[in-house]
Each structure stands twice: as C-alpha cells, then as structure tokens.
Amino acid sequence: MDTQTDTQKDFGPADDHGDDFIRLDGVEKVFDVRKKTGFMRSERRQVRAVDSISFAVARGEMVGYIGPNGAGKSTTIKMLTGILTPSGGRLRVAGIDPSRERTRLAHRIGVVFGQRTTLWWDLPLIDSYRLMHRMYRIPDARYAENLDRCVELLELAELLDVPVRQLSLGQRMRGDIAAALLHDPEVLYLDEPTIGLDVISKAKVREFLRHLNAEQGTTVLLTTHDLTDIEQLCRRVMVIDHGRLMYDGPLTGLHEIGESERTLVVDLERELPPIEVESARVVKVEGPRQWLAFPAAQSAAPLVARIAAAYPLVDLSVREPDIEAVISRMYAEKATS
Amino acid sequence: MADLQAQERHDAHRGFPPTGRSRVVDGLRAYRLIAWMWIRSTMAYRASFAMTVFGNFAGTALDFVAILLMFSRVDELGGYSLGEVAFLYGLSSAAFGLTDLALGSVDRLGQRVRDGTLDTLLVRPAPVLAQVAADRFALRRLGRITQGLLVLGYALVVVDISWTPLKVLMMPVMVVSGAAIFASVFVAGAAFQFVAQDASQVQNSFTYGGTTLLQYPPTVFAKDLVRGVTFVVPLAFVNWVPALYVLDLPYPLDLPEWVAFLPPLVAVVCCALSGVAWRAGLRSYRSTGS
Ligand SMILES: Nc1ncnc2c1ncn2[C@@H]1O[C@H](COP(=O)(O)OP(=O)(O)OP(=O)(O)O)[C@@H](O)[C@H]1O
Ligand SMILES: [Mg+2]
C-alpha cells in the first residue's frame with residue numbers, strides 16, 4: 001500500500017462527490033411517440049418512461065434494479081451511460097454528466113446489455129478484446145492481468161478464437177461481461193445479464209459478479225427479471241414501475257411493505273382437524289401435515305409455543321415468503337390504485 | 001481496503017481520458033484501430049482477399065466499358081472526345097473511390113438506428129462517426145480507386161492538355177477536395193438516416209448516382225439538372241467545374257473563371273455543414289425500447 005498517499009491527493013473535488021458515486025435528482029425521460037392515424041397523418045403521444053426518479057448509489061455498492069416490463073429500467077441505464085439524454089432532472093456519475101461527456105465517462109464505466117452484444121459480431125472474441133485494449137488505452141500489464149482473470153473465472157479460454165456469432169447465448173454473455181471489465185471500470189451496469197441463461201451459466205455469472213464486487217470493489221447496478229439474482233447478489237434493491245421508484249431499500253424490507261406472510265409447516269402425530277390458533281390460519285392440510293400462514297413481520301416463536309401447548313407436535317419448519325409473490329403483489333397493487 | 005485498491009487502479013487511468021485532446025485526433029485514432037482490425041481479419045484469407053479486390057476492380061470498370069461501347073458508335077459525346085470523357089470519369093471515380101474506401105460503411109447507419117445497435121457504439125470512448133465509418137473497413141474498395149486512376153492515366157496520355165503550373169497543381173487538389181465533397185454527402189446522408197431510417201437508398205442515389213453522373217460530360221444533361229448539381233448539391237465541384245478549366249472547355253452554365261478554383265472551399269463548407277447535420281442527427285437518437 002505504498003502508493004496510498006499518492007492516491008489520496010488525487011481525490012479531486014471535481015471527481016468524487018462525497019459518497020455518492022451515482023446520483024439522480026428528479027430525473028425524467030419522456031419519449032415522443034408518433035402513431036399513424038391515417039395517410040400522412042399522425043398523432044403525437046408522450047410516453048413518460050422515467051418519471052422523476054431520485055436515488056444515490058455509493059462506491060462499491062451492488063444494487064438490484066427491478067420492475068415489470070416497460071417499467072423504465074433500460075431507459076434509466078441508457079441515461080446513466082449517456083446513450084440517452086434525460087428530459088429533465090439532474091444526473092451525475094462520478095461527478096460527470098453522462099450525456100454531455102459521454103466519451104470521457106466511457107473510460108470509467110462498463111456496460112453489459114443482455115439483449116445485444118457490444119462485441120464485434122464477425123470477429124473472434126480475442127480480436128474484440130485486443131481492440132478494447134487499444135481503444136481504452138489500457139496499460140499492457142493491466143490488460144494482460146484483467147484478461148487472464150476474466151478468462152479464468154468466466155471460463156473463456158476455449159472461446160477466444162471463435163467468432164462471436166458462433167458463440168452460444170451463455171458463452172456470448174460471459175464474453176460480453178469480460179469485455180466490459182478489461183478497462184477496470186469503476187461501475188458496471190448490467191441490463192438483464194442472466195436473460196436466457198441456464199441454471200449453471202447463471203450461477204457462474206453470479207459468482208463472478210459477487211467476486212468482482214467483493215475483490216475489486218466495483219460498483220454494480222443490475223436489472224433482472226430473475227429474483228434469484230437479486231436474492232443472491234444484492235443487499236439493496238430498487239423497484240421501479242411506470243417510471244416511478246416504488247421502493248428503495250434492503251431486500252428483506254420488501255416483505256414488510258408487501259404485507260407478505262410466512263408459512264409455518266407443522267407435522268402432527270396423527271391426522272387432526274385444522275389447527276385453531278390466534279394470529280395464524282390454516283391454508284392447507286395433508287394427512288398429519290398442516291400449513292399455517294402468519295404475518296411475516298411477526299415472530300414465529302410464540303405461535304409455535306401456542307401450538308405445541310395444545311397439539312401433539314412432532315416436527316416443524318418455517319418458510320420465508322416468496323419474494324416473487326411479494327413483488328408481483330406490489331406491481332398489482334400499484335396497477336389497481 | 002478493496003475500495004482503496006479500486007481507487008488506485010482507476011487513478012492509473014486518470015491521465016488517459018482525452019479531455020483536452022481534439023475529437024478529430026481521437027476519431028482518427030479510433031478509425032485507424034478499427035480499420036486495422038478489419039484489415040487483419042480479411043488478410044487472414046489472402047486468396048479470397050485478392051479475389052474481392054479484383055472483383056471490385058472489374059465491377060466498377062464495367063462503367064467505363066459502357067462508355068467505350070458508346071464511343072465505338074459515335075466519335076463525340078455531348079461535344080467531348082473519348083479522352084476528355086475519360087478525364088472526367090477518372091477524376092470522379094478516383095475521388096469517389098477514396099471516399100467509398102474511407103466512409104463506405106456509413107450508409108448502414110439507418111439499420112443500426114432502427115435495431116438500436118448504435119447503443120453499443122455510444123458506450124465506447126471514441127467518436128461514433130469514426131466507429132461507424134471504420135466498421136467493416138474493406139480494402140477491396142481499392143479496386144475502384146485503381147481503375148479510376150488507370151482511366152485518368154489513359155486520359156492524360158491521349159488528351160492534349162496545355163499544361164500550366166496551376167493546372168498541374170489542380171490535379172491532386174481536385175481529387176482530394178472531390179473526395180471531401182463526396183464525404184460530406186455520405187455523412188449528411190447518414191445524418192438523415194437518424195430521422196428516416198430507410199433512407200439508405202436516397203443516400204445511395206446521391207453518392208453512387210452522383211459519381212455516375214459526374215462520369216459523363218455536363219453537356220449531355222438538362223440545364224436544370226446541371227444547375228442543381230452546381231448550386232444545390234455541389235457535386236459539380238468534384239470534377240466538372242475544375243476539370244473543364246483544365247481541359248479549356250466551356251461550362252454549360254455561365255460562371256466566372258475563378259469558380260474553377262473553388263473546390264477546396266466548397267469542400268470545407270460542405271464538410272462543416274454535414275458535421276453540423278451529423279451532430280443534430282446524433283442528438284436526436286433515442287435508442288429503442290428493447
Ligand atoms: N426509444 C424509445 N422510443 C419510444 N418509447 C420508448 C423507447 N424506449 C423505451 N420506450 C418506452 O419507455 C418505457 C420504458 O421502457 P424500458 O425499455 O426502459 O423498460 P424496461 O423496464 O427496461 O422493460 P423490460 O423489462 O421489458 O426490459 C416503455 O413504455 C417503452 O415503450
Ligand atoms: Mg429493459
């Protein structure tokens with residue numbers, strides 16, 4: 001750590017604004033869409049893809065960004081990378097306004113679009129990497145080191161000489177993730193990085209991202225429709241719907257606002273009529289086994305004690321609420337309100 | 001700890017982001033890198049590379065064969081001899097060939113806008129135009145330049161030009177400014193494709209159509225067309241206007257003599273305008289919904 005002092009003095013005021021590496025204040029994106037209503041005639045309509053969103057992400061955080069189709073996730077990521085210019089509000093990444101200084105910011109961010117590749121389609125994977133090396137002006141030693149690490153962790157060795165168009169979806173995704181990281185970005189945005197991957201590939205990608213965040217300290221923001229990604233990777237989750245931020249906090253907190261229920265599964269000595277007990281209700285009976293639902297926020301211990309006092313209890317287990325169910329209920333509530 | 005290490009690594013890059021450096025230099029550098037990658041990948045198959053260069057050469061030379069066939073029937077075309085037509089043809093093909101080599105890929109921009117793959121170029125630290133232009137850089141396009149220069153060489157041998165130092169100087173200047181004028185048409189056409197994504201045919205009619213037009217003497221076309229090509233889309237400054245000065249032939253429109261020396265200026269103005277158009281186009285880019 002002998003270079004530590006050098007680094008310290010490089011913290012310029014223009015560079016890092018406190019702890020917030022990414023900061024959005026009332027950011028909006030409105031698309032004008034024209035709909036044809038007849039020959040040469042069209043109707044203008046405005047789609048508010050992102051509607052006054054504010055949040056901040058600190059350096060080194062790993063955040064999940066979820067929401068139903070069309071919620072505005074990809075649009076947010078495109079604004080964070082400078083692809084799209086916000087229609088309103090203020091947005092800063094590493095102190096830079098992305099749409100104004102897109103190329104300068106490009107050196108400091110990595111992007112993976114699950115839906116499309118950033119690699120050169122007709123060329124072998126390694127050619128894309130070599131080009132990144134030069135284009136990003138990555139010092140040779142760092143390039144070699146980063147490439148080696150990615151090749152090892154993402155198991156790319158066999159694929160380096162294969163043209164990108166011949167790679168399978170999962171292989172291409174791993175190739176894309178490596179490409180986004182060769183230049184040591186401070187933040188990595190992933191828009192649906194696990195879309196269409198099988199269980200094993202998903203696990204590999206997750207493991208890699210966890211490693212990246214823990215070892216390299218890279219800030220990660222990822223969108224996904226697979227809540228397992230979030231459960232396994234992110235302590236913090238943001239839920240967006242119709243362009244509005246509905247929730248921002250720890251994953252566990254979602255249960256509370258989702259008014260979810262936990263399930264207590266009890267095995268009794270023999271078949272009995274449904275258990276009658278305060279603050280829980282039987283949802284299913286199967287022979288001597290019964291399922292009881294109770295509020296997630298409530299402790300299970302007193303409930304268990306009460307049942308044990310009145311019934312011949314053999315075994316029991318508690319099931320956490322299904323996060324997927326929680327979120328879909330959240331989406332649904334918003335839609336009806 | 002991890003944070004500090006990360007910070008340290010990022011500081012290593014801090015000198016690199018090209019803040020003060022001109023975008024042109026950046027663009028040229030990116031262009032060179034991408035073009036070189038494509039050259040290397042096509043050179044891997046030398047035999048097929050040689051074939052495609054030859055194919056391009058032969059394909060574009062057919063245009064001149066058409067002119068030769070015409071002259072087997074007549075002695076003059078619009079008052080021009082074969083050598084004089086070859087002079088126009090050679091200049092137009094050489095200038096267009098240079099542009100086609102450098103920017104031939106930009107007409108695929110509309111496709112990229114429509115399917116949203118332009119997104120991936122926008123997240124890289126290099127000007128988008130350079131990335132679009134260098135994409136699929138193909139040396140086979142040298143074929144067109146070669147045949148243009150050969151025809152021009154033939155014209156210089158057979159046409160009796162009364163050379164002055166000024167006329168000699170005008171030769172390379174014509175090819176370079178002609179290429180720049182064509183380049184501005186390519187870029188403006190690409191900029192238009194941000195708005196109308198199916199406009200690549202419109203663009204082609206101005207570029208490929210334009211070069212074919214300029215291969216013939218202006219006297220064979222209607223005056224209104226010549227006016228349009230002189231004052232609206234100033235392709236006439238690629239070869240017609242300056243070349244007729246070199247050949248000591250009259251221009252069908254009544255223009256003062258000094259107009260013959262305008263091509264470099266016209267090229268600069270056109271490039272500036274198309275640059276503005278490109279920026280406006282890029283600003284209007286709004287990606288796609290998926
Ligand atoms: N380029 C565009 N032009 C017009 N409308 C757009 C454009 N991009 C996105 N939209 C609209 O903005 C809204 C948000 O889209 P966005 O792609 O951000 O959703 P998303 O959260 O990524 O959804 P998904 O989970 O389906 O990927 C949608 O209603 C979409 O139709
Ligand atoms: Mg999306």
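What you're looking at is a predicted model, where local features need pLDDT of at least 70, side-chain atom pairs count only at pLDDT 80 or more, and totals for chains, interfaces and linings use all residues. Residues are numbered from 1 along each chain as its sequence is written, chains are lettered from A and ligands numbered from 1 in the order in which they are written, and side-chain values use heavy atoms, with hydrogens and water left out.

Let's begin with chain A.

Now for the sheets. Helices (H or I, at least four residues) and strands (E, at least two) are DSSP runs, numbered from the N terminus, and two strands pair if DSSP finds at least two bridges between them. In general, strands of a sheet pair through backbone hydrogen bonds, either parallel or antiparallel. Chain A has an open sheet of six strands in the order S5-S6-S7-S3-S8-S9, with mixed pairing. Its edges are strand S5 (109-113) and strand S9 (244-250) of chain A, each pairing on one side only. Ignoring direction, neighbouring strands here are turned by 15° against each other on average. Such angles run from 0 to 180 degrees between N-to-C directions, with axes as lines fitted to C-alpha atoms, for helices over the stretch in contact.

Zoom in on strand S6 (residues 187-191) and strand S7 (residues 219-223) of chain A: they run parallel and are joined by five bridges. One bridge pairs A:Tyr189 with A:Leu221 in S7(A). Helix H2 (residues 73-81) of chain A packs on this sheet, touching strand S3 (62-66), S5, S6, S7 and strand S8 (236-241) of chain A, and its direction makes about 150° with that of S6(A). Contact here means heavy atoms within 4.5 Å. Helix H6 (residues 169-181) of chain A also packs on the sheet, touching S5 and S6 of chain A, at about 165° to the direction of S5(A).

There's another open sheet in chain A, with four strands in the order S11-S12-S10-S13 and antiparallel pairing. Strand S11 (281-286) and strand S13 (313-319) of chain A are its edges, each pairing on one side only. Its twist averages 20° from one strand to the next. Five bridges join S11(A) to strand S12 (residues 289-295) of chain A, and the two run antiparallel. Within that pair, A:Val285 has A:Gln290 in S12(A) as its bridge partner.

Over to chain B, which has 13 helices and zero strands. Its C-alpha trace spans about 85 × 45 × 40 Å along the principal axes. Take helix H4 (residues 82-103) and helix H10 (residues 200-214) of chain B, which pack at about 160° with their axes 8 Å apart. That angle makes H4(B) roughly antiparallel to H10(B), since angles under 35 degrees count as roughly parallel, over 145 as roughly antiparallel, 65 to 115 as roughly perpendicular and the rest as oblique. Where do the two helices meet? B:Leu88, B:Ser92, B:Ser93, B:Phe96 and B:Asp100 in H4(B) meet B:Thr207, B:Tyr208, B:Thr211 and B:Leu214 in H10(B).
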